Amino acid sequence: MENISLDDFLTEGLIKEKDFRLKVESTDWSKFNNKKVIIKGCSKATIPTWAYLIITAHLTKYAKRIYFGEPCSAIDIYRNS
């Protein structure tokens, strides 16, 4: 299973929308093609809901399944049929 940590999208320890969107746009999402992906639920910073939604929207084009949380208690949020 592939992991995505929102900490990788922080700027100076925060989610700054403009920088966040630039990082999302520059990410090669195709590397998640047909894979199971978990969006980690914990972070060093408070993550706004819209950040998870943007990441999920990009992943749905490629990922086989998307989960949220920690591997031991992941919540299934998307299945590509």
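## Salt bridges

A salt bridge is counted where a side-chain nitrogen of Lys or Arg lies within 4 Å of a carboxyl oxygen of Asp or Glu. The model is predicted, so local features need pLDDT of at least 70 and side-chain atom pairs count only at pLDDT 80 or more, while totals for chains, interfaces and linings use all residues. Residues are numbered from 1 along each chain as its sequence is written, and side-chain values use heavy atoms, with hydrogens and water left out.

Six salt bridges are present in the structure. Side chains of opposite charge can pair when their charged atoms come close. Accessibility is given as relative accessible area, computed with a 1.4 Å probe on protein chains only: under 20% is buried, over 50% is exposed, and values in between are partly exposed. On this scale lysine 16 is partly exposed at 29%, whereas glutamate 12 is exposed at 71%.

Arginine 79 and aspartate 76 form a salt bridge through their side chains, at 2.6 Å from N to O. Aspartate 76 also forms a salt bridge with arginine 65, where the closest N and O atoms are 2.6 Å apart. Arginine 65 belongs to strand 3 (residues 65-69) and aspartate 76 to strand 4 (residues 75-79), so this pair ties together parts that are 11 residues apart in sequence. Strands (E, at least two residues) and helices (H or I, at least four) are DSSP runs numbered from the N terminus.

Within it, aspartate 76 is partly exposed, with a relative accessibility of 28%, and arginine 79 is exposed, at 57%.

## Aromatic pairs

Rings of Phe, Tyr and Trp (for Trp, the six-membered ring) pair if their centres lie within 6.5 Å; planes under 30 degrees apart are stacked, over 60 edge-to-face, and the rest tilted. The whole structure contains four aromatic pairs. Among them is phenylalanine 20 with tryptophan 50: the ring centres are 5.5 Å apart and the planes stand at 80 degrees, so the pair is edge-to-face. Phenylalanine 20 lies in helix 1 (residues 17-26) and tryptophan 50 in helix 2 (residues 49-59), so the contact ties together parts that are 30 residues apart in sequence.

Phenylalanine 20 is buried, at 0% relative accessibility, while tryptophan 50 is partly exposed, at 30%. Both rings belong to a cluster in which ring pairs link Phe9, Phe20 and Trp50.
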